[in-house]
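Subject: Structure handover

Hi,

Here is the structure for you to look at. My notes follow below it.

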Amino acid sequence: MSKTKCRFCGKQISDLGIVQHERYCLSDPDRYETTKQWFDDNVADDGYAPTTGEYRDAAKKLGLPSVEQLTRQHGSWRGACDFYSHKARPGDLKRPVASRIDEAIAEVEVMLVEARRVSDDYNRGIELLGAPRIGSDGRVYCMLK
Ligand SMILES: [Zn+2]
């Protein structure tokens with residue numbers, strides 16, 4: 001497939017994708033300026049850059065690059081804030097999706113082990129009072145008669 005050079009970043013992009021790419025290319029000076037301007041206008045009172053949540057809302061309304069596009073391009077939200085000369089708020093740094101999925105799976109596995117233990121107790125003739133419930137610590141609780 002033939003390729004065309006992006007007039008902003010110079011990357012070779014397939015002819016099918018070039019129009020879409022140039023529309024969203026972060027190296028487009030107009031695009032850089034509008035995004036930088038938004039960051040400048042939305043610094044919090046304590047001097048930190050806007051959060052990903054605030055940016056996400058504005059990006060949708062104003063047609064700015066998405067949070068995902070910025071974090072992909074700059075490695076992280078912190079990197080994106082640095083790029084526009086602002087300081088990211090600590091704690092607003094997106095963790096990779098994979099680590100959040102691993103944590104969720106580990107939590108479910110703990111709950112399954114607990115649920116199995118409760119069910120084994122039940123099958124040994126221990127009577128349960130009401131339905132088991134999941135506590136705020138993720139463990140399964142139930143009252144015994
Ligand atoms: Zn480009």
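Which residues make up the largest nonpolar core? They are Ala 49, Leu 70, Trp 77, Ala 80 and Cys 81, five residues in all. Helix H5, residues 77–83, gives the most to this core, with three residues. A nonpolar core here is a set of buried Ala, Val, Leu, Ile, Met, Phe, Trp, Tyr and Cys residues joined through C-beta atoms within 7 Å.

Two conventions before the details. This is a predicted model, so local features need pLDDT of at least 70 and side-chain atom pairs count only at pLDDT 80 or more, while totals for chains, interfaces and linings use all residues. Residues are numbered from 1 along each chain as its sequence is written.

Overall layout

The protein has six helices and four strands. Helices (H or I, at least four residues) and strands (E, at least two) are DSSP runs, numbered from the N terminus. Along the sequence the pattern reads β-β-α-α-α-α-α-α-β-β. Of the 145 residues, 9% are buried. Buried means that 20 or more other C-beta atoms lie within 10 Å of the residue's own; exposed means 12 or fewer, and partly exposed is in between, with C-beta atoms placed from the backbone. Among contacts with a separation of 6 or more, 33% link residues 24 or more positions apart. A contact requires two C-beta atoms, placed from the backbone, within 7 Å.

Leu 70 sits in helix H4, residues 67–74. Why is Leu 70 classed as buried? Because 23 other C-beta atoms lie within 10 Å. Leaving aside neighbours within four places in sequence, Leu 70 contacts Pro 65 and Ala 80. The C-alpha atoms of Leu 70 and Ala 80 are separated by 5.9 Å, and the two are ten residues apart along the chain. Both belong to the core described above.

Thr 71 is also placed in helix H4. Thr 71 has 18 other C-beta atoms within 10 Å, so it is partly exposed. Thr 71 and Cys 81 are likewise ten residues apart in sequence, with 9.5 Å from C-alpha to C-alpha.

Ser 85 lies in the loop between H5 and helix H6, residues 97–123 for the latter. Check its backbone: Ser 85 has a positive phi of about 65°, although it is not a glycine. Is Ser 85 buried or exposed? Ser 85 counts as exposed, because it has 10 C-beta neighbours inside 10 Å.

Val 140 is in strand E4, residues 140–144. With 18 C-beta neighbours inside 10 Å, Val 140 counts as partly exposed. Which residues does Val 140 touch, not counting those up to four places away in sequence? They are Met 111, Glu 114, Ala 115, Val 118, Pro 132 and Ile 134. Val 140 and Arg 116 are 24 residues apart in sequence and 9.7 Å apart in space, C-alpha to C-alpha.

Now the other side of one of those pairs. Met 111 is found in helix H6. Met 111 is partly exposed, because it has 14 C-beta neighbours inside 10 Å. Beyond four places in sequence, Met 111 is in contact with Ile 134, Gly 138 and Val 140. The C-alpha atoms of Met 111 and Arg 139 are separated by 5.9 Å, across 28 residues of chain.

Best regards
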